[in-house]
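Visitor: I'm new to reading protein structures. Could you walk me through this one?

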Amino acid sequence: MEVSPFPYQGPLPPDRVRGRDGLLQDLAERVTERRVTALLGPRRFGKTSVLRRLAADLTEVSTIAIDLFGVQTHADAVVRLSSAMQAAVPSIREPAVELSVEAGIDLGGLQAKLALSPARRPDARALFDQLVQMLVTLGRRMPLLLVFDEFQSLTTVDGATAVLRTRLQHHYADVGLIFAGSAPSAMRDVFTRHDQPFFNQADLVTIEPLDLAAVHAIVVDGFADTGRDAGSVAGNLFDLTGGHPQRTMRAADQVWRLTGPGESADGRWGRALTRLRDAEAGVLAATYDDLTATEKKVVRIYANGGSIYGSAAERLELSPGAANHARDRLLADGKLRHRDEGDIVVTDPLLADWLVRRLPL
Ligand SMILES: Nc1ncnc2c1ncn2[C@@H]1O[C@H](COP(=O)(O)OP(=O)(O)OP(=O)(O)O)[C@@H](O)[C@H]1O
Ligand SMILES: [Mg+2]
């Protein structure tokens, strides 16, 4: 079977990352100049993909990428740190393993040890601290970039970000540091709230949707590379997704599947859109259902391009106070986002599309 040129699940391999040249250059400069950076953006905007590409591009620096998604305890964080060290390129893995052996830590066996009975289990807090110190030691020996992905998860582990801050703060000049995360306000809070250990410790950089030129190039090349013609479908895709990276790839894949080798995508958009809507309807309905009654009204209004203070709000019996609260929560969760122009939109264009069709105003 032919492999689709539009993968839409999980991070992309570095050579597939397109349309991120400006961001990549900015991040590369930040790493080189050792400016601590927090990369913020909604889910599935391509944060992990762009960071993998950055690691591949920065050949003079070795990267350890730590995925903190869903960590709840020090033991979870320890396991993630140790697997990140073991997954790193040999130039950094080998000294990491050496250091751990010197410290009496068997990186490969940590997970099993942390599952032992309490009396035989190592202290996960102490181990976390030790591993962080090992990262700092590595960074002082060789050019190192540490990427903490899904960093907001670590804030739920009592005291963990404070340890990280304490161990790292005197070494910002030694180690490249990028923190990435998705629930935008949880991430923002880590770096902008006075009571947080990383207050004012990083520059915030936001990842934006892909622009029309990038979507056009990705779509046209994806079709051409597989012996097909994209026709004018890139414009249809951009109109639907507004450049939301994962949604763009999902929709592009759908049209591509309906276009045989040697064929053009022209004339196939309508059918692709119907299939896409059918395939996603269940998940979108469930997503919508998970919202509170007030959030539902607010999302519905923004999907339909209305104002939460206007006539649509009145018709939905939505009070300004309740609407403001719900809007702020939805922005904090990344379900809504500010567009360049400052207006607020539903982050997932397919959810917006579903709402316009199912619950028009
Ligand atoms: N530069 C890009 N060009 C085209 N598509 C992209 C790009 N970056 C990301 N995507 C699409 O978005 C999907 C998700 O990418 P990725 O996992 O990097 O996002 P993320 O922001 O890390 O998501 P999450 O918040 O779920 O961790 C990819 O599978 C791909 O379809
Ligand atoms: Mg990610």
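Visitor: Which helices each supply at least two residues of the shell around ligand 1?
Guide: Keep in mind that this is a predicted model. The shell around ligand 1 holds 23 residues, and among those that come nearest are Lys47, Thr48 and Ser49. Two helices each supply at least two residues of that shell: helix 2 (47-57) and helix 11 (245-257).

Visitor: How much of the accessible area of ligand 1 does the protein cover?
Guide: Let's start with some polar contacts. An oxygen atom of ligand 1 is 2.5 Å from a polar backbone atom of glycine 10, and a nitrogen atom of the ligand is 2.8 Å from one of arginine 18. An oxygen atom of ligand 1 also lies 3.1 Å from an N or O atom in the side chain of glutamate 150. Of the 630 Å² that ligand 1 has on its own, the protein covers 94%.

Visitor: Which strands are the edge strands of the sheet?
Guide: The open sheet has 5 strands with parallel pairing, in the order 2-3-4-1-5. An edge strand pairs on one side only, and that holds for strand 2 (62-67) and strand 5 (203-206).

Visitor: What is the bridge partner of leucine 146 in strand 4?
Guide: Strand 3 covers residues 144-149, and it pairs with strand 4 (residues 175-181) in the parallel sense over 5 bridges. Within strand 4, the partner of leucine 146 is leucine 177.

Visitor: Which helix packs on the sheet, touching strand 1, strand 4 and strand 5?
Guide: Its direction makes about 160° with that of strand 1 (37-40). The helix spans residues 184-192, and it is helix 8.

Terms used: Residues numbered from 1 in each chain as written. Chains lettered and ligands numbered in written order. Predicted model: local features only at pLDDT ≥ 70, side-chain atom pairs only at ≥ 80, totals over all residues. Heavy atoms only, no water. Pairing = 2+ DSSP bridges. Helix = DSSP H or I, 4+ residues; strand = E, 2+ residues; numbered from the N terminus. Contact = heavy atoms within 4.5 Å. Axes fitted to C-alpha atoms, helices over the stretch in contact; angles between N-to-C directions. Near = heavy atom within 4 Å. Polar contact = N/O pair within 3.5 Å; in protein donor to acceptor, adjacent residues only side chain to side chain. Areas by Shrake-Rupley, 256 points an atom, 1.4 Å probe, with all protein chains shown as cover.
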